[in-house]
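Here is a short report on one protein chain. Keep the sequence and the 3D view open while reading.

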Amino acid sequence: MTSLETTENLLTFYQFPHPIWSSIYSTNLIESLNKEIKRQSKKRVVFPNEEALERCLVSIFEDYNIKFGARINKGFGVCFDTLDSLFD
């Protein structure tokens with residue numbers, strides 16, 4: 001069994017500016033997307049084939065991206081310049 005001390009990427013979020021730590025290690029956005037997928041797929045109980053399911057999921061993802069694409073998560077506006085320099 002591997003020790004947590006030897007896991008390289010476990011605490012990567014500490015390399016980013018402090019104001020965005022809570023947004024990075026939080027799973028709220030992922031949980032929100034999963035909830036939306038579940039809610040939308042309940043409306044369509046049966047998918048005739050895999051392609052229909054894929055089209056439905058792509059539609060959900062696109063709507064979700066439009067809804068949350070313009071949103072600035074907590075702390076990102078404050079350290080935008082720092083993040084920009086990290087990924088240049």
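## Aromatic contacts and overall form

Phe16 is partly exposed, at a relative accessible area of 22%. The coordinates come from a predicted model.

Where does Phe16 lie, and where does Phe87 lie? Phe16 sits in the segment before helix 1, and Phe87 in the segment after helix 4 (80-86). Phe87 is exposed, with a relative accessible area of 60%.

A search of the whole structure returns one aromatic pair. The ring centres of Phe16 and Phe87 are 6.0 Å apart, and the ring planes meet at 25°. Planes under 30 degrees apart count as stacked, so this pair is stacked. In general, a distance between centres and an angle between planes describe a pair of aromatic rings.

### The chain as a whole

How many helices and strands does the protein chain have? The chain has four helices and zero strands. Along the sequence, the pattern reads α-α-α-α.

The radius of gyration of the protein chain is 18 Å. A compact globule of 88 residues would be near 12 Å. Along the principal axes, the C-alpha atoms fill a box of roughly 45 × 40 × 20 Å.

Of the 88 residues, 12% count as buried. The accessible surface of the chain comes to about 7,600 Å². Carbon and sulfur atoms hold 56% of that surface.

### Before helix 1

The segment before helix 1 (21-25) holds Leu11. Thr12 is found in the segment before helix 1 as well.

Which residues make the nonpolar surface patch of about 300 Å²? The patch is made by Leu10, Leu11 and Tyr14. Leu11 has a relative accessible area of 47%, which makes this residue partly exposed. Patch members need over 30% relative accessible area.

Thr12 is partly exposed too, at 26% relative accessibility. From Thr12 to Arg55, the C-alpha distance is 34 Å. In sequence, Thr12 and Arg55 are 43 residues apart.

### Salt bridges

The count of salt bridges comes to two. The table sets them out.

| Glu36 | Arg39 | 2.9 Å |

Is Glu36 buried or partly exposed? Glu36 is partly exposed, with a relative accessible area of 21%. Buried would require under 20%. Arg39 counts as partly exposed at 44% relative accessibility.

The C-alpha atoms of Arg39 and Phe61 are 13 Å apart in space. Along the sequence, Arg39 and Phe61 are 22 residues apart.

### The loop at Phe47

Where is Phe47 placed? Phe47 is in the loop between helix 2 (28-43) and helix 3 (50-69). At 24% relative accessibility, Phe47 counts as partly exposed.

Which residues does Phe47 touch, leaving out those up to four places away in sequence? Phe47 touches Ala52, Leu53 and Cys56.

Phe13 makes a contrasting reference for Phe47. The C-alpha atoms of Phe47 and Phe13 are separated by 39 Å. Along the chain, Phe47 and Phe13 are 34 residues apart.

### Summary

The predicted model shows four helices and zero strands. One aromatic pair is found, and the rings of Phe16 and Phe87 form it as a stacked pair. Leu10, Leu11 and Tyr14 supply a nonpolar surface patch of about 300 Å².

Terms used:
Residues are numbered from 1 along each chain as its sequence is written. This is a predicted model: local features need pLDDT of at least 70, side-chain atom pairs count only at pLDDT 80 or more; totals for chains, interfaces and linings use all residues. Side-chain values use heavy atoms; hydrogens and water are left out. Patches are made of residues with over 30% relative accessible area and no salt bridge: like charges are joined within 9 Å, nonpolar side chains (Val, Leu, Ile, Met, Phe, Trp, Tyr) within 5 Å. Accessible areas come from the Shrake-Rupley method with a 1.4 Å probe; for residues, only the protein chains shown count as cover. A salt bridge is a side-chain nitrogen of Lys or Arg within 4 Å of a carboxyl oxygen of Asp or Glu. Helices (H or I, at least four residues) and strands (E, at least two) are DSSP runs, numbered from the N terminus. Buried means under 20% relative accessible area, exposed over 50%, partly exposed in between (1.4 Å probe, protein chains only). Rings of Phe, Tyr and Trp (its six-membered ring) pair if their centres lie within 6.5 Å; planes under 30 degrees apart count as stacked, over 60 as edge-to-face and the rest as tilted. The radius of gyration is taken over C-alpha atoms; the globule rule is 2.2 Å times the number of residues to the power 0.38. Contact means heavy atoms within 4.5 Å.
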